[in-house]
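Please read these points with the model open beside you.

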Amino acid sequence: MRRIFTLFLFAILLGGYAMAYKFSAVCSSGHTLYYNVTSFNEPYTVEVTGQMPVGYEYAYRPTGDLVIPETVTYNGVTYSVTKIGDYAFNTCTGLTSVIIPSTVTFIDISAFGDCIGLTSVTIPSSVTVIEDWAFYRCSNLTSITIPSSVTSVGSSVFGDTGWYNNQPDGILYLDGICLGYKGNRPTGSLTIDEGTRCIADYAFLSCNELTSATIPNSVVNIGFNAFCFCSGLTEPVYNANCFAYFPDGYATEYTIPDGIRQICGSAFMSCTGLTSVTIPNSVVRIDSQAFSGCSGLTSITIPNSVTSIGDGAFNGCNGITEPLYNANCFAYFPGGYATEYIIPDGIQQIAGRAFSYCNGLTSITIPSSVTSIGSSAFSGCSGLTEITIPNSVTSIGEDAFSGCRGLTSVTIGSSVAIVERYAFSWCSGLESIVSHNVYPPTIYGNSTFEYINSSVIVSVPCGSRPIYMADENWRTFNMVESAVRYSISVLSSNGNYGTAALIQEPTCSVMSGIISATPAEHYHFVSWNDGNTENPRTITVESDTTFTATFAIDRFTITVESDDIEMGTVSEGGTYDYGTEIQISATPRETYTFVAWNDGNTDNPRIVTVTSDATYIASFIHATGIDESIATEIAIFPNPATDILNITSSETISEIEIVNVMGQVVRRIEVNADNAVCDVEELKAGVYVVRIHAASATLSVRKFIKE
């Protein structure tokens, strides 16, 4: 139970603790913050961490008012800040206020512990978990608000803060969280207030004078060890959602009530007389050490509804003789069951301590469905000689393989983003570590590879980013780059449509390269043969690979409109391949006449060649009163005109009106002669209509183009 052990050695560990970081960046409040990458794949995420100490002193401690950013960019990649890491700002005594961004969901152990100058902290509604001692001994923090999103709270989160010290003795509540008690331990009957949604870790640990506990159904989560060692409780403690405590000796066989979703940490711990437990299909999580030490337990089935199993949930259940797992999680492997074992395909989580101290196990196969390996999952398995962590795994927990002294070879898959501290400590037989990760994992703590042979050969992908580990001994290891070269073929599906090429060639196994597709004129790139549509595209290869680019001819939309559907209609448009010839037309209604298209063209119908998206708008004008016989005896020139427009007629002209395509009269000239000279220099370029009023009161209409 590392958490309890750590509680007693908190001050000692804090002094010698070393925090690694991947990169640093300056935030908007002017502070330099340090980050660990927690996901190198989309969605890209980081946690805020502390800077590596120099000796026992931190080289940099932020002070004043701190604003933590939502995102941070490193090597061209934008990462979302989703976590405040453990001890990230511990003992930053000069901090006065902190604003945590709405992207953060997790505040880890002692993240702001001993920040004695901190008076204000903003916790956003995105946060769901606040771990042990997160704000411990923040003595000037007198006012705290926990958003309703928080459903998991660790031990002493606000212990010895200004807020805590101002509270009267008794059960402490804060914004729907039951934090435990202050002062004397509660005795007799305990009733948790209605509306409480969460009970913190260790809230009533060892309150052995409690005789009963009533938990309202508003509580949706009960923390680790919340009622552990409450020996005075003689009845099971649970509500509609959570099973909190089962008294040793209450029964040998027990059925957990239907509807329960959480079996809390240590709920059945050390119930040695329990032989059989039935878990309903409503349960989705079994927390750490829930059944640990139940040595008499021989019959238990984990329903497939369970998607999360905590560390050591079945540790010490020596009566279970078959591997214990469901479709999602592997929970427990009995010692001596087999020397070689293949974990069933489909399993996603290997729970903490699932295989710990199975000394007779010499071979384990982890399927490609597994995404996480829990804390101490294989610790003490001294018979294992090699381990291959598949590409599906993203995290390796604390102590996961510690004490595996027989391990000679470890292969780390390409997706591992986190290898936690002590993961391979005391693996004294290690000779080879192979990393297939182009972005090598972030390593926490100064003991990840503690007490292993410094002559280990470490193979990393050629061209990968440098592996960073907070273990000074790591720098003495023999680092080599893998030198396997793969064949990469980049092809075009049709050479007439476009070409494709490898523009940055991978030189070693599992290394990034860049491929690019170049379409021919009037064609566009569609996708690669695997469906990817990025162009250019960064590739990572692990074998001989062919990439084929497909192209398609450009297609454009032609829109045909009427400027006034009361005056006339037009033919329909559509979507056409480049180079297609189509006909468009305008049909004036009775008493109207077509004038021109919006680009000045007066052809009707008209043939257009598709070369781009285009809109053609037909203009019409009222034509009532036009005398066609007179119209043939009138001339206008030049047409098109730039500055002067001449008009001649066989009859006397009384007036001339020049009208734009919107029907607006832009020039009116009185004439009283058989010819006229019109100044059109100031008119905008386009199509115009000239209305010519003759002395006989008839009207002629002519079109002209102003250039």
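**Notes on the model**

1. Over residues 53-57 the pLDDT stays under 50, and the model has 7 contacts beyond four places in sequence for them. Residues 625-632 also stay under 50.

2. Now the overall score. This is a predicted model. The protein averages a pLDDT of 86. A score of at least 70 is reached by 87% of the residues.

3. Next, the rings. A pair of aromatic rings is described by the distance of the centres and the angle of the planes. The count here is 39 aromatic pairs. One of them joins Phe112 and Phe135, and it is stacked. Their centres are 5.3 Å apart, with 5° between the planes. This pair links distant parts of the chain, 23 residues apart. Phe112 is in the loop between strand E10 (106-107) and strand E11 (120-122). Phe135 is in the loop between strand E12 (129-130) and strand E13 (152-153). Both Phe112 and Phe135 are buried.

4. Compare Phe246 and Tyr250. They form an edge-to-face pair, 5.6 Å centre to centre and 85° between the planes. Tyr250 is at 37% relative accessibility, so it counts as partly exposed. The cut-off for buried is under 20%.

5. Some rings form a cluster. Ring pairs link Tyr325, Phe330, Phe333, Tyr337, Tyr341, Phe355, Phe378, Phe401 and Phe424.

6. Lys83 lies over the face of Phe106, 5.0 Å from the ring centre. Lys182 has its charged end over the ring of Tyr164, 5.1 Å from the centre.

7. Which residues touch the most other members of the largest nonpolar core? They are Ile68, Ile84, Phe89, Ile107, Phe112 and Phe135, out of 51 residues in that core. Several strands each supply at least two residues, among them strand E1 (23-26), strand E2 (32-39) and strand E15 (177-182). E8 gives the most, with 4 residues.

8. Return to Phe135. Leaving aside neighbours within four places in sequence, Phe135 is in contact with residues including Phe112, Leu118, Val121, Ile130, Leu141 and Phe158.

9. Finally, there is a second, separate core of 39 residues. Its members include Phe355, Ile389, Ala423 and Ile452. Phe355 also belongs to the ring cluster of point 5.

Technical notes. Residues are numbered from 1 along each chain as its sequence is written. This is a predicted model: local features need pLDDT of at least 70, side-chain atom pairs count only at pLDDT 80 or more; totals for chains, interfaces and linings use all residues. Side-chain values use heavy atoms; hydrogens and water are left out. Rings of Phe, Tyr and Trp (its six-membered ring) pair if their centres lie within 6.5 Å; planes under 30 degrees apart count as stacked, over 60 as edge-to-face and the rest as tilted. Buried means under 20% relative accessible area, exposed over 50%, partly exposed in between (1.4 Å probe, protein chains only). A charge sits over a ring if NZ of Lys or CZ of Arg is within 6 Å of the ring centre and within 35 degrees of the ring normal. A nonpolar core is a set of buried Ala, Val, Leu, Ile, Met, Phe, Trp, Tyr and Cys residues joined through side-chain atoms within 4.5 Å. Contact means heavy atoms within 4.5 Å. pLDDT is the predictor's confidence in each residue, from 0 to 100.
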